[in-house]
Amino acid sequence: MLRPPALACCKLYISEARNSGALRAIEHAAAALRPLAVLVNTFAASPPLRCAAFRVVAAAIEAVDLDAHAGAHPRLGVVDHIAFHPLASARLEDVTALARAVAADIGDRLQVPTYLYGAAHRDGRTLASIRRQLGYFTPTSPGGEQWHGAPDSLLPVAPDAGPRTSSASNGVVVVGATPWVDNYNVPLATADVSVARRIARAVSERGGGLACVQAMGLAHGDGATEVACNLLHPDAVGADQVQERVSRLAAGLGVGVGQGYFTDFSREKVVELYLQAAQAA
């Protein structure tokens, strides 16, 4: 049996899902380095991943104006968050160097303030802590679309790369390197976001809930909400435990619960799809 190659996975969280022209431009940039870097919902690649990630970030910043954007999910920039994870035989230190290099590229070449977290940050700062410092969790407008426009241009924390102030059209980027993280969301049969937030806080480690779980309550379409979770150590605390805890808490409030879903492929599926694409090229 062939040993899987050392691979890195790059998850880019871009603050746009409705503008088809912008999405086509971003997808075109992502496809430019196939088969060396393969887009399988997330990026998977070996050495070319730095170039591929930068191309996508540049295309997104060109195509999306954050100042004219509104949504129900919090974000700090056009490219809100970039997460690097080791796959197959890769090591965390491999993707740490990659994350730092991409952050420097974004800050220096695109002049977008860029922050590091996880193993890429000198003190191991967490994603949640830098987001909290930058106001990520504080809605900027009332109603279903609770985040509108860019954060304040004068940043409360000095970036690790790029200028000290952000532009209204771009915002900032947060880049990090961590072991694999699962994103798992559980729908709730209520339009009351405050109920979703109450459940999310009780599920999260910060609120005394499940270890290694971060959670937010968010609006999700018309008349519904969801608990959106980051499972920081999914081998220890997984989706089944999150589903059970949300269901129990929601039942206590008289709220119905739907079946949760992963927002990304599993790490095994990413490797499988990368190998299939590389062999087909």
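**Close-up views of a predicted model**

**View 1. Val-175 and its neighbours in this predicted model.** Leaving aside residues up to four places away in sequence, Val-175 touches Ile-82, Phe-84, Ala-99, Ala-103, Ile-106, Thr-114, Tyr-115, Leu-116 and Tyr-117.

**View 2. The largest nonpolar core.** Two or more residues come from each of strand E1 (6-14), helix H2 (49-63), strand E5 (79-88), helix H3 (92-109) and strand E8 (173-177). Another core, of 20 residues, lies apart from it and includes Tyr-184, Ala-200, Cys-229 and Ala-250.

**View 3. A salt bridge between Lys-269 and Glu-272.** Here the closest N and O atoms are 3.5 Å apart. The two residues sit 3 residues apart in helix H7 (residues 267-280), so about one helical turn separates them. Lys-269 is partly exposed, at 31% relative accessibility, and Glu-272 is also partly exposed, at 35%.

**View 4. The network of Arg-91, Glu-93 and Asp-94.** Salt bridges with shared partners join these three residues. In the pair formed by Asp-94 and Arg-91, the closest N and O atoms are 2.8 Å apart. Both residues count as partly exposed: Asp-94 has 31% relative accessibility and Arg-91 has 46%.

**View 5. Arg-267 paired with Glu-268.** The closest N and O atoms of this salt bridge are 3.9 Å apart. Arg-267 is partly exposed, with a relative accessible area of 24%, whereas Glu-268 is exposed, at 52%.

Key. Residues numbered from 1 in each chain as written. Predicted model: local features only at pLDDT ≥ 70, side-chain atom pairs only at ≥ 80, totals over all residues. Heavy atoms only, no water. Core = buried A, V, L, I, M, F, W, Y, C linked by side-chain atoms within 4.5 Å. Buried < 20%, exposed > 50% of the residue type's maximum accessible area, 1.4 Å probe, protein only. Helix = DSSP H or I, 4+ residues; strand = E, 2+ residues; numbered from the N terminus. Contact = heavy atoms within 4.5 Å. Salt bridge = Lys/Arg side-chain N within 4 Å of Asp/Glu carboxyl O.
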